[in-house]
Amino acid sequence: MKAAAGKTEKGDSLVTVYRSNSDECKVTINSPVREMFKELQDNAVYTALEETGAEGLTVEVNDYQALDFVLTARVKAALFRLREKEEG
């Protein structure tokens, strides 16, 4: 099962989350500005995962130069949608 949030427009990001067989979260971030903003991007994504208590997920972030608060919001929205789907 998977869920997504966001858009593929400049200043936004598309975040997709999947359930995995692991207890840990595996995160992949693709971004044209990754080299410059790696620390901020990692912090935004991992903070959102910690705040929501997420476990056992694969998280794919396709960033289109979004600010850190946008990344956080998109991760949380994708997790919310995944949980809604799982609850049926």
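Start with Lys76, which counts as partly exposed because its relative accessibility is 32%. Keep in mind throughout that this is a predicted model.

Lys76 and Glu51 form a salt bridge, and their closest N and O atoms are 2.5 Å apart. Glu51 counts as exposed, at 54% relative accessibility.

How many salt bridges does a search of the whole structure find? The search finds five. The next stops show others.

Select Asp12 and Arg74. Their side chains meet in a salt bridge, with an N to O distance of 2.8 Å. This pair also links distant parts of the chain, since Asp12 lies in strand 2 (residues 12-19) and Arg74 in helix 2, 62 residues apart. Is Asp12 buried or exposed? Asp12 is buried, because its relative accessible area is 8% and the cut-off for buried is under 20%. Arg74, at 24% relative accessibility, counts as partly exposed.

Move to helix 1, residues 34-52, and select Lys38 and Asp42. Both residues lie in this helix, four residues apart, which is about one turn of the helix. A salt bridge joins Lys38 to Asp42, and the closest N and O atoms are 3.0 Å apart. Lys38 is partly exposed, with a relative accessible area of 44%, whereas Asp42 counts as buried at 17%.

For the last stop, go to helix 2, residues 68-87, and select Lys85. Lys85 counts as partly exposed, because its relative accessibility is 46%. Which residues is Lys85 in contact with, leaving aside its neighbours within four places in sequence? They are Met1, Lys2 and Ala3. Show the backbone of Lys2 as well: the side chain of Lys85 reaches the backbone oxygen of Lys2 at 2.8 Å. Lys85 and Lys2 are 83 residues apart along the chain, and their C-alpha atoms are separated by 8.5 Å.

Notes. Residues numbered from 1 in each chain as written. Predicted model: local features only at pLDDT ≥ 70, side-chain atom pairs only at ≥ 80, totals over all residues. Heavy atoms only, no water. Helix = DSSP H or I, 4+ residues; strand = E, 2+ residues; numbered from the N terminus. Buried < 20%, exposed > 50% of the residue type's maximum accessible area, 1.4 Å probe, protein only. Contact = heavy atoms within 4.5 Å. Polar contact = N/O pair within 3.5 Å; in protein donor to acceptor, adjacent residues only side chain to side chain. Salt bridge = Lys/Arg side-chain N within 4 Å of Asp/Glu carboxyl O.
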